[in-house]
Amino acid sequence: MGMIFRAKANKALDRAEDPRETLDYSYQKQLELLQKVRRGVADVATSRKRLELQLNQLQNQSSKLEDQGRKALALGREDLAREALSRRAALQQQVTDLETQHATLQGEEEKLTLAAQRLQAKVDAFRTKKETIKATYTAAQAQTRIGEAFSGISEEMGDVGMAIQRAEDKTAQLQARAGAIDELLASGALDDQSGMHKDDIQAELDRLSGGTDVELELQRMKAELAGGPSGGQQAIEGGSGAQSQSQQQPQDTPRFDKQ
C-alpha cells in the first residue's frame, strides 16, 4: 500500500511540476546561501577589526609602561621601574595571543571571501543556464501545443472535433429520416394529414391523362407535317371534337365545297 501511494503521489507531482518553477526555486535557494556566506564574511571581518582595536590599545599601554619604567629608573626608583616592566610583560603576552587570533581570523576571512566569490560565479552561471532552459522549455511547450492543435489531439481541439462529429451525425440522421418519410408518403404507407398528397389511384390517372395529351399533340404535329395547313387544321379539328365544331365559322363551308 505504501508503494502504491508513493507511486500515485509521484505521478501526481510529476503532472503538477513545472520545471521553470523548480529552477526559479533552486536559484532562490542559491541566492540565500550566497547571502549567508557574505554575512559570515562580514562577521569574521568585524571580529578581525575588533581584535585590531584591542591590539592597538594593548600596544599603546605597553609603550606607556615602558616610558614609565624609564622615568622611574631615571629618578632612582628601581622598584617602580620593575613594576612597570612586569606589567608591560603581561600586556605583551596578551598582545601575542591577540596577534595569533588576528592571523587566524584573517585567514578565515580570506577563505570565506574566496568561497563567496566562487559561489557568486556559480550562481551567475546557474542563472544563465536557468534562463536558457526556461526559454527552451517554453518554446518546446508552445510547439507541442501548436502541433496538438493542428493534429487535433489536444483537449480543446478534441472537444471541437467531437462537436463537429456530433453535428454531422445529427444532420445525416435528419436527412435519412426526411428521405424515409418522403418514400413512405409516396408509397401510401403514411397518410398526408395536410390533404395535399394524392393516393395511388389518382396518381395513376394523372399519369395516364398526361400521356394522352402528349399523344394528341404528337398526332397534331404529324398531321401538319403530312398535309400542310389544311391537314393540320383537320387534325386539330379531329383531335378537339365537338368543341372545335362549335367554334367553326360559316365562311369556311364554301371553301371546303370548292375543294
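Biologist: Which residues does Leu55 touch, not counting residues up to four places away in sequence?

Modeller: This is a predicted model, in which local features need pLDDT of at least 70, side-chain atom pairs count only at pLDDT 80 or more, and totals for chains, interfaces and linings use all residues. Residues are numbered from 1 along each chain as its sequence is written, and side-chain values use heavy atoms, with hydrogens and water left out. A contact means heavy atoms within 4.5 Å. With residues up to four places away in sequence set aside, Leu55 touches Val95, Leu98, Glu99 and His102.

Biologist: Is Leu55 buried or exposed?

Modeller: Buried means under 20% relative accessible area, exposed over 50%, and partly exposed in between, with a 1.4 Å probe and protein chains only. Leu55 has 8% relative accessibility, so Leu55 counts as buried.

Biologist: How far apart in space are Leu55 and Asp97, C-alpha to C-alpha?

Modeller: In sequence, Leu55 and Asp97 are 42 residues apart. In space, their C-alpha to C-alpha distance is 9.6 Å.

Biologist: In which helix is Ser62 found?

Modeller: Helices (H or I, at least four residues) and strands (E, at least two) are DSSP runs, numbered from the N terminus. Ser62 falls within residues 19–74, which form helix H2.

Biologist: Why does Ser62 count as buried?

Modeller: Ser62 touches Arg88, Leu91 and Gln92, not counting residues up to four places away in sequence. Ser62 is buried because its relative accessible area is 5%.
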